[in-house]
Amino acid sequence: MMTSMTTNLGRRLTKTSDVVRAQRLFQDLAPEALDQLCRAARLVRFSRGETVFLKGDDANALFVVVEGAIRVSSGSTDGRTAMLNLIGSGEVFGEVAVLDGLPRTTDAIAHSDSVLLSIARRDLFELIDTQPQLMMKLIVLLCGRVRATSQQVEWLLLQSMSARLAGTIMRLAERDTDRAPLRLQLTQQRVSEMAGMSRESVNKLLARWASQGWIRLGPQTLEIIQPDALRAVAGEG
């Protein structure tokens with residue numbers, strides 16, 4: 001169950017105001033605007049597997065990941081699920097429905113134990129009224145989402161399966177650039193969903209790359225031993 005959290009955040013950020021001021025999205029805001037945001041925002045904690053929101057829900061808040069990761073996915077009526085994105089620390093999600101006022105278009109599930117910064121839609125729009133540069137930052141964020149979606153469609157339509165899989169793995173792994181070796185904590189099923197491939201095809205390619213010493217497979221983990229080899233495959237198209 002979602003719980004409010006205002007203390008003891010990883011021994012680094014101990015108050016909501018500390019978290020707000022640490023987020024890139026809110027940098028450059030006027031001091032009075034930051035104070036307003038600190039009063040409105042709240043920290044919430046989700047356990048692994050817990051639902052943040054579901055497709056069709058009302059969009060009542062914008063979220064920033066403080067710690068952990070959020071899995072964004074969509075499902076079909078016949079029970080199939082596609083993982084669309086993995087939102088990591090410092091990243092924003094839920095902005096589309098908050099801005100256009102329409103229902104959520106995806107599910108958001110805690111991929112690991114996570115701490116989120118939650119800002120109510122009403123409070124966000126009150127802030128935008130006095131801080132138009134915040135809207136510009138949100139527009140830039142949306143443009144980045146569109147570019148990423150266009151690239152993903154291009155991969156699905158034009159690239160080989162090996163290039164799609166290698167590109168997906170490297171894109172996910174390189175989100176945490178300060179972590180070595182590069183490692184993913186995802187099941188092969190989740191990787192196949194993001195690459196738009198069958199699990200059988202993914203398993204065959206991963207087994208081949210493991211035998212070549214490019215990667216090391218573990219229980220729900222994938223460690224990249226030779227990232228340059230995967231980058232080369234991703235670039236072959």
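Buried means under 20% relative accessible area, exposed over 50%, partly exposed in between (1.4 Å probe, protein chains only).

This is a predicted model: local features need pLDDT of at least 70, side-chain atom pairs count only at pLDDT 80 or more, and totals for chains, interfaces and linings use all residues. Residues are numbered from 1 along each chain as its sequence is written, and side-chain values use heavy atoms, without hydrogens and water.

Helices (H or I, at least four residues) and strands (E, at least two) are DSSP runs, numbered from the N terminus. Domain 1 (8-154) and domain 2 (159-235) each give the core at least three residues.

Zoom in on Ile169. Leaving out residues up to four places away in sequence, Ile169 touches Leu184, Val191, Leu206, Trp209, Leu222, Ile224 and Leu230. Contact means heavy atoms within 4.5 Å.

Now colour by domain, with bounds from an automatic or database domain assignment. The C-alpha centres of domain 1 and domain 2 are 26 Å apart. Across the boundary, 14 residues of domain 1 are in contact with 10 residues of domain 2.

Move to helices H4 (residues 121-130) and H5 (residues 132-158). They pack at about 115 degrees, with axes 5 Å apart. That makes H4 roughly perpendicular to H5 (65 to 115 degrees counts as roughly perpendicular). Axes are lines fitted to C-alpha atoms, for helices over the stretch in contact; angles run from 0 to 180 degrees between N-to-C directions. Show Leu124, Leu127, Ile128 and Thr130 in H4, which meet Pro132, Leu134, Met135 and Leu138 in H5.

Finish at Ala108, in strand E8 (residues 107-110). Ala108 counts as buried because its relative accessibility is 0%. Beyond four places in sequence, Ala108 touches Glu50, Thr51, Val52, Phe53, Ile70, Arg71 and Phe93.

Key:
Angles under 35 degrees count as roughly parallel, over 145 as roughly antiparallel, 65 to 115 as roughly perpendicular and the rest as oblique.
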